[in-house]
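Please keep the sequence and the structure in view while reading.

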Amino acid sequence: MSNDGFRLRQWEESDAPVLLAAYAGAGMETERPAGVETLAGAERLIAGWADDAAADRAHTFAVVDGREILGQMRVMTEMRAHSIGWVSYWTLEKHRGRGVGSTGLKLLAKHCFDELGLFRLETGHRLNNPASCGVATSAGFLPEGIERQKLLYDGVRYDTETHARLATDPDPA
């Protein structure tokens with residue numbers, strides 16, 4: 001899966017240092033999964049993602065340009081009975097503003113529709129994160145509404161905006 005020189009690939013154990021550094025970067029403080037404070041924790045997370053993919057619970061990809069990791073795309077498939085996937089994504093701080101997120105999300109959507117047989121993809125972002133909103137809309141995800149005080153980070157509740165893209169929606173330019 002590639003576009004604009006970017007492509008998606010499975011995470012590998014040797015990627016653990018990049019993953020660990022990513023979760024220590026700006027804007028990622030609230031995104032770090034539990035247990036990923038060490039290299040061994042990052043390796044366990046990557047192994048868990050491989051298990052998730054084998055069981056079709058979730059599919060997690062590194063967004064790369066050549067061999068360099070730029071970000072991540074993930075789709076959770078717990079609502080497989082309804083052909084729905086929940087998407088999350090991030091871009092390493094030094095690569096933000098290059099189209100990594102929107103291109104990666106377009107690639108992920110194509111994979112989800114063509115290879116995983118999903119019909120509807122959903123994602124959401126905190127209202128105080130306009131960059132994430134831009135990624136979703138650039139990748140053809142339409143806004144569907146505000147969910148009041150949905151997320152809790154460090155004792156603060158945040159409103160979120162939900163976006164969705166259907167397999168029948170036109171491909172974004």
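The second largest pocket holds about 210 Å³ of space. Lining it are 11 residues, of which Lys106, Lys110, Asp114, Arg165 and Asp171 are the closest to its centre. A pocket is defined on a 1 Å grid over the protein atoms alone, as an open set of points where a 1.4 Å probe fits, with protein on both sides within 12 Å along at least five of seven lines; lining residues have an atom within 4 Å of a point. The volume is the space filled by probe spheres set on the points, with grid points joined across faces, edges and corners.

The model is predicted, so local features need pLDDT of at least 70 and side-chain atom pairs count only at pLDDT 80 or more, whereas totals for chains, interfaces and linings use all residues. Residues are numbered from 1 along each chain as its sequence is written, and side-chain values use heavy atoms, with hydrogens and water left out.

Helix α3 gives the most to the lining of the second largest pocket, with five residues. Helices (H or I, at least four residues) and strands (E, at least two) are DSSP runs, numbered from the N terminus. By class, this lining divides into four nonpolar residues, one polar and six charged. Here Ala, Val, Leu, Ile, Met, Phe, Trp, Tyr, Cys and Pro count as nonpolar, Asp, Glu, Lys and Arg as charged, and the others, Gly among them, as polar.

The largest pocket has a volume of about 1000 Å³. Its lining comprises 39 residues, and those closest to the centre are Glu31, Tyr89, Trp90, Asn129 and Ser132. Several elements each supply at least two lining residues, among them α2 (39–54), β4 (68–79), α3 (100–114) and β8 (156–166). The largest share, six residues, comes from β5. In the lining of the largest pocket, 16 residues are nonpolar, 16 are polar and seven are charged.

Attention now turns to charged pairs. A search of the whole structure finds 12 salt bridges, a salt bridge being a side-chain nitrogen of Lys or Arg within 4 Å of a carboxyl oxygen of Asp or Glu. One of them joins the side chains of Asp15 and Arg9, at 2.7 Å from N to O. Asp15 is buried at 7% relative accessible area, and Arg9 counts as buried at 12%. For these classes, buried means under 20% relative accessible area, exposed over 50%, and partly exposed in between (1.4 Å probe, protein chains only). Arg9 and Asp15 also belong, with Glu12, to a network of salt bridges.

Another salt bridge, between Asp52 and Arg57, spans 3.0 Å from N to O. Asp52 is buried, with a relative accessible area of 15%, whereas Arg57 is partly exposed at 40%. In a further pair, Arg120 meets Glu144, with the closest N and O atoms 2.5 Å apart. This pair links distant parts of the chain, since Arg120 lies in strand β6 (residues 120–126) and Glu144 in strand β7 (residues 142–153), 24 residues apart. Glu144 is partly exposed, with a relative accessible area of 46%.

Two buried residues illustrate polar contacts. Thr60 is placed in strand β3 (residues 58–65) and is buried at 3% relative accessibility. The side chain of Thr60 makes a polar contact of 2.5 Å with the side chain of Arg74. A polar contact is a pair of N or O atoms within 3.5 Å; within protein, one must be able to donate a hydrogen and the other to accept it, and residues adjacent in sequence count only if both atoms are side-chain atoms. His125 lies in strand β6 and is buried, with a relative accessible area of 5%. A polar contact of 3.1 Å joins the side chains of His125 and His163. Leaving aside neighbours within four places in sequence, His125 is in contact (heavy atoms within 4.5 Å) with residues including Ser132, Cys133 and Asp159.

Backbone angles complete the account. Gln149, in strand β7, is not a glycine but has a positive phi of about 45°. Asp154 is found in the loop between β7 and β8, and its phi, near 50°, is also positive. Gln149 is partly exposed at 49% relative accessible area, whereas Asp154 is exposed at 77%.
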